[in-house]
Amino acid sequence: MQGDARSAIDLLKELRALTADEYGAQRLAWSPVWLKARAWFQTNLIELPVEHHYDAAGNSWTTLKGESEKALILGSHLDSVPNGGWLDGALGVIGGLAVLKRIAAKYHGKPPVTVRLVDWADEEGARFGRSLFGSSAFAGTQTIEADRGRTDSTGKRLEDALAECGVKIDEIGDAGFERKNAGAYLELHIEQGPVLEGLNLPLGAVLGTKGVERHMITFYGQEAHSGSTPMNARRDALAAAAKLALEIRPIAMRHPDAVCTVGSVKTFPGIVTAVVGRCEATLDQRDLNADVLAAMYKEAQTKSEQFAKEEGCTVEWSRIWNIAAEPFHPTLVNFCEEAIRDTVGKSHRLPSGPLHDAAEVSRAGIPTAMLFVQSLKGISHNKIEDTREEHLEQAIAALDKLAAKTMEWIKAAI
Ligand SMILES: [Zn+2]
């Protein structure tokens, strides 16, 4: 597998040379550079005993037919954010291709179960603000009515951008036909965070994707003159919001993997000579455990009411967005740990804070697992995103072992 992993790294570099400029990767979904990346991908299928097609949502499917139609699916995404890195998404697709090639060679083109490689369309949502586009269409959780009117920064409509790539917005739900015979889904991805590097471990088994609670919290006080209003007579909406911004740290830190972020604060009237009469703050809370997430949400609400009262203010909450946690399949998570241990000796289990296509696949009821490889400095969505090549090789080798175990598992259940 080592030689295969090496050539996969060479392919990733080739893709980088083809689709990056001085600012980073530019494989923005539904753009000419993205189409170029996909056309390049197809040139790597020549001489392989596979079939290829695009589904109704623009997902790219490469199929190696096996003795059984029951399929192991490997995948990730070739699209990137603007000025993105060389590994986010691309590693899972090209690493998956290396594994598919290895399986094709081992079984002389006919493995016991079918093996499919998917490149999901528009995972990032960087252009139209709709992440997990292709995988949600596959899973049947797409939101066409809400997405139809989306436009990019130039005013171009999502519907028109899709049409230019041969995708009809009203038909994307037909991507759900691809779920037929799906036995399991595996995705290799860079961690995009600092946990594995901090533990000095190359690889980790992902427990699932965290649930998210995202809220707008508005504190109402009293606008007043900054010169004439004594300190003890103020109803300062920012003071209440500031107390909450600090309090979310202990709220999150009571749980090992939870995170809470106040990412935006707006003050009104927002001038240097007025006490803040209204303050709008956003809160993003995440955890893999639904009970922990619910408890953190409740605690933040209770604390916001306490701080509002202390500052002579009132507070209102409105939900911006939420999504349930998606734990991965326990058997496959165990296989993933075994594959990692067999490859590098030591494994670690960790939840994923970012969402991934794998969460949509899992939500559709398909047994799913993810393998993370260490990200240097935890940086992603940036051209400096990087992983040691030695770790990339180990990641592809571990994915190969995980795929072999999972194929056995699918075959045993037929
Ligand atoms: Zn990604």
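Me: Are R286 and D284 buried or exposed?
Reply: Both R286 and D284 are buried in this predicted model. Buried here means under 20% relative accessible area.

Me: What do R286 and D284 form, and how far apart are the closest N and O atoms?
Reply: Side chains of opposite charge can pair when their charged atoms come close. R286 forms a salt bridge with D284. The closest N and O atoms are 2.9 Å apart.

Me: How many salt bridges does the count come to?
Reply: The count comes to 28 salt bridges.

Me: How should I read the salt bridge of R6 and E393?
Reply: Start with the distance, then look at where the partners sit. The side chains of R6 and E393 meet at 2.9 Å, N to O. This pair links distant parts of the chain, 387 residues apart. R6 belongs to helix α1, residues 2–19. E393 belongs to helix α12, residues 389–413.

Me: How accessible are R6 and E393?
Reply: R6 has a relative accessible area of 30%, so R6 is partly exposed. E393 is at 14% and counts as buried.

Me: Which residues are linked with R6 and E393 in a network of salt bridges?
Reply: The network holds R6, D10, K13, E389 and E393.

Me: Helix α1 also holds L11. Which residues does L11 touch?
Reply: Set aside residues up to four places away in sequence. L11 then touches W40, N44, I94, L97 and K101. At 12% relative accessibility, L11 counts as buried.

Me: How far is L11 from G312?
Reply: Compare sequence with space. L11 and G312 are 301 residues apart in sequence. Their C-alpha atoms are 61 Å apart.

Me: Where does A139 lie, and how far is A139 from S362?
Reply: A139 is in helix α4, residues 133–139. A139 and S362 are 223 residues apart along the chain, yet their C-alpha atoms are separated by 8.4 Å. Beyond its neighbours within four places in sequence, A139 is in contact with R179, E360 and A364. A139 has a relative accessible area of 12% and is buried.

Me: How do I check the length of helix α3?
Reply: Compare the expected span with the distance between the end C-alpha atoms. Helix α3 covers residues 90–106. At 1.5 Å a residue, its 17 residues should span 24 Å. Its end C-alpha atoms are 24 Å apart, which agrees.

Me: How many residues of α3 are buried, and what follows the helix?
Reply: Of the 17 residues in α3, 14 are buried, so the helix is mostly covered. H108 follows α3 and has a positive phi, near 50 degrees.

Me: Which residues coordinate the zinc ion?
Reply: The zinc ion is coordinated by H77 (NE2), D88 (OD) and H189 (NE2), at 2.0 to 2.2 Å. The donors follow the spacing H-x10-D-x100-H. H77 lies in the loop between β5 (68–76) and α3, while H189 lies in strand β7 (residues 182–190). The pair therefore ties together parts that are 112 residues apart in sequence.

Me: Are H77 and H189 buried or exposed?
Reply: H77 is buried, with a relative accessible area of 0%. H189 counts as buried at 1%.

Me: How many aromatic pairs does the structure hold?
Reply: A pair of aromatic rings is described by the distance of the centres and the angle of the planes. The structure holds eight aromatic pairs. One of them is W61 with F138, which is tilted: 5.8 Å centre to centre, 35 degrees between the planes. W61 in strand β4 (residues 60–64) and F138 in helix α4 are 77 residues apart. W61 is buried at 0% relative accessible area. F138 also counts as buried, at 0%.

Me: How do F335 and W409 pair?
Reply: F335 and W409 form an edge-to-face pair, 6.4 Å centre to centre, with 85 degrees between the planes. F335 is in helix α10 (residues 330–344) and W409 is in helix α12, 74 residues apart. F335 is buried at 15%, whereas W409 is partly exposed at 27%.

Me: Which residues do ring pairs link into a cluster?
Reply: The cluster is W61, W120, F138 and Y185.

Me: Where does the charged end of R16 sit?
Reply: The charged end of R16 sits over the ring of W86, 4.4 Å from its centre. R278 lies over the face of F268, at 4.0 Å from the ring centre. R278 also meets E280 in a salt bridge, at 2.6 Å, N to O.

Note on methods
Residues numbered from 1 in each chain as written. Predicted model: local features only at pLDDT ≥ 70, side-chain atom pairs only at ≥ 80, totals over all residues. Heavy atoms only, no water. Salt bridge = Lys/Arg side-chain N within 4 Å of Asp/Glu carboxyl O. Helix = DSSP H or I, 4+ residues; strand = E, 2+ residues; numbered from the N terminus. Buried < 20%, exposed > 50% of the residue type's maximum accessible area, 1.4 Å probe, protein only. Expected span 1.5 Å × (residues − 1). Contact = heavy atoms within 4.5 Å. Donors = N, O, S within 2.8 Å, 3.2 Å for Na, K, Ca; no water. Phe/Tyr/Trp six-rings, centres within 6.5 Å; stacked < 30°, edge-to-face > 60°. Lys NZ or Arg CZ within 6 Å of the ring centre and 35° of its normal.
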